[in-house]
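Subject: Structure handover and notes

Hello,

Here is the structure you were expecting, with my notes below it. Please read the notes with the model open beside you.

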Amino acid sequence: MKKTYLLLLFIVGCVTASAQGGRVADFAAGPGMKDAYKDYFTVGVAVNQRNVTDEAQIAIIKKQYNSVTAENDWKPGMIHPKEGVWNFERADRIANFCRENGIKMRGHCLCWHSQFADWMFVDKKGRPVKKEVFYERLREHIHTVVNRYKDVVYAWDVVNEAIADGGNPRNGQEPNPYRQSRHYQLCGEEFIAKAFEFAREADPDALLFYNDYSTVDPGKRERIYEMVKKMKEAGVPIDGIGMQGHYNIYFPDEELLDKAITRFSEIVSHIHITELDLRTNTESGGQLTFSRGEAKPQAGYMQTLQEDQYARIFKVLRRHKDVIDNVTFWNLSDKDSWLGVNNHPLPFDENYKAKRSLRIICDFNAASD
């Protein structure tokens, strides 16, 4: 029924445009996403430097979103590349944009195996340091960054992607549930607890999240669940789980997404969909192994499949408004997307023009949910 409705909507749109002398419909007209979802959750976007300095792009942000995440400019390797060296210019530019426009931020991220301040693991001669030295450096980093932006940040992705994707059992034993990062090799799972403790010391009021991709996969979902449950029972201040939404037009189905949200809601009161985009292929997840392809227009049937998937996903998210506080799109437009223009993953195209999917997301019928 939904696909039939979308097809009819497309036909009506084409007929309307023809009747209006060929004018293309303005899918950005009407309420923005933040207003459409004011009774459900905040709607956010990950931004780069261009997004917050170009007036046309700023106008999109101000109309559509009431939460902002820095895509790359707040990651440890960008802000703190060497001991005693702090690069705050790019990070400050995004924070000041949000301050000036009254938009709150999700801080991303304080501890990650990628784009990290790897100097924390070695001394001046390049020799590995003990974990106590690493913790001193990590604590200084977290305290410095959190305190600098605590006036504008309401939530932090404290630890990012610390759980393994999975593997085959060896010698009858289950594989290690943790990613074998330098953090884990030096400190074991304790580094996760320490990072959250340092973040809570720095800001007692911010919501603190564990953030990961492929959270709808049943195996990884359970590994994340067990880790967070164990940590919380030990007193680690994890407030919520960030479910990276790197999905595609076929996956996940409503049942998988619903099960993951329901499962996580057993142990946390806050769930954020932190990095939403929909690839127009069969790939998903957060790994940097995907098909960018050669840039070309999005096929009409692919557009319809994407709209249908956005409709399904947001229907599930609205159903869980009691626990979902925020949904953040990962990038402002297809031009900005880490997935490449040819994956057409977002509600705004490479020219920052709204797609019909924007209206599909906004113009929902709450009574039918």
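The structure holds zero disulfides, a disulfide being a pair of cysteine sulfur atoms within 2.5 Å. C109 is one cysteine without such a bond, and the nearest cysteine sulfur to it, that of C111, is 8.0 Å away.

Before the rest, the ground rules. This is a predicted model, in which local features need pLDDT of at least 70 and side-chain atom pairs count only at pLDDT 80 or more, while totals for chains, interfaces and linings use all residues. Residues are numbered from 1 along each chain as its sequence is written, and side-chain values use heavy atoms, with hydrogens and water left out.

Overall

The protein chain has twelve helices and nine strands; helices (H or I, at least four residues) and strands (E, at least two) are DSSP runs, numbered from the N terminus. Of its 369 residues, 53% count as buried. Buried means under 20% relative accessible area, exposed over 50%, and partly exposed in between, with a 1.4 Å probe and protein chains only. The accessible surface of the protein chain is about 16,300 Å², and 51% of that belongs to carbon and sulfur atoms; the areas come from the Shrake-Rupley method with a 1.4 Å probe, and for residues only the protein chains shown count as cover. Among contacts in the protein chain with a separation of 6 or more, 77% are between residues 24 or more positions apart. Contact means heavy atoms within 4.5 Å.

Helix α5 covers residues 89-101, and its 13 residues reach 18 Å from first C-alpha to last, close to the 18 Å expected at 1.5 Å a residue. The expected span is 1.5 Å times one less than the number of residues. Its buried residues are A91, D92, I94, A95, F97 and C98. They pack against β1 (42-47), α3 (55-64), β2 (67-70), α4 (76-79), β3 (104-112) and α6 (131-149). After α5 comes G102, with a positive phi near 65°.

D92 counts as buried because its relative accessibility is 18%, and, leaving aside neighbours within four places in sequence, D92 is in contact with R148 and Y149. R90 counts as partly exposed, at 41% relative accessibility. Not counting residues up to four places away in sequence, R90 touches Q49, D73 and M78. R90 and Q49 are 41 residues apart in sequence, yet 7.2 Å apart in space, C-alpha to C-alpha.

N87 sits in the loop between α4 and α5 and is partly exposed at 39% relative accessibility. Its contacts, leaving aside neighbours within four places in sequence, are M78, I79 and P81.

Helices α9 and α10

Helix α9 has 16 residues and reaches 22 Å from its first C-alpha to its last, close to the 22 Å expected at 1.5 Å a residue. The buried residues of α9 are K220, R221, I224, Y225, M227, V228 and M231, and they pack against α8 (190-202), β5 (207-212), β6 (240-243) and α10. Just after α9, G235 has a positive phi of about 95°.

The axes of α9 (residues 218-233) and α10 (residues 254-264) come within 10 Å and cross at roughly 10°. Axes are lines fitted to C-alpha atoms, for helices over the stretch in contact, and angles run from 0 to 180 degrees between N-to-C directions. That makes α9 roughly parallel to α10; angles under 35 degrees count as roughly parallel, over 145 as roughly antiparallel, 65 to 115 as roughly perpendicular and the rest as oblique. On the α9 side the contact is made by P218, R221, E222, I224, Y225 and E226, and on the α10 side by L256, K259, A260, R263 and F264.

Backbone points to check

Most residues other than glycine have a negative phi, and most peptide bonds are trans. Which peptide bond that ends at C109 is cis? The bond from H108 to C109 is, with omega near -10°. C109 lies in strand β3 and is buried, with a relative accessible area of 1%. The bond from F251 to P252 is also cis, with omega near 0°, and P252 is in the loop between β7 (246-248) and α10.

Q115, in the loop between β3 and α6, has a positive phi near 50° and is partly exposed at 34% relative accessibility. N331 has a positive phi of about 105° although it is not a glycine. N331 is in the loop between β9 (324-329) and α12 (356-362) and counts as buried, at 1% relative accessibility.

Regards
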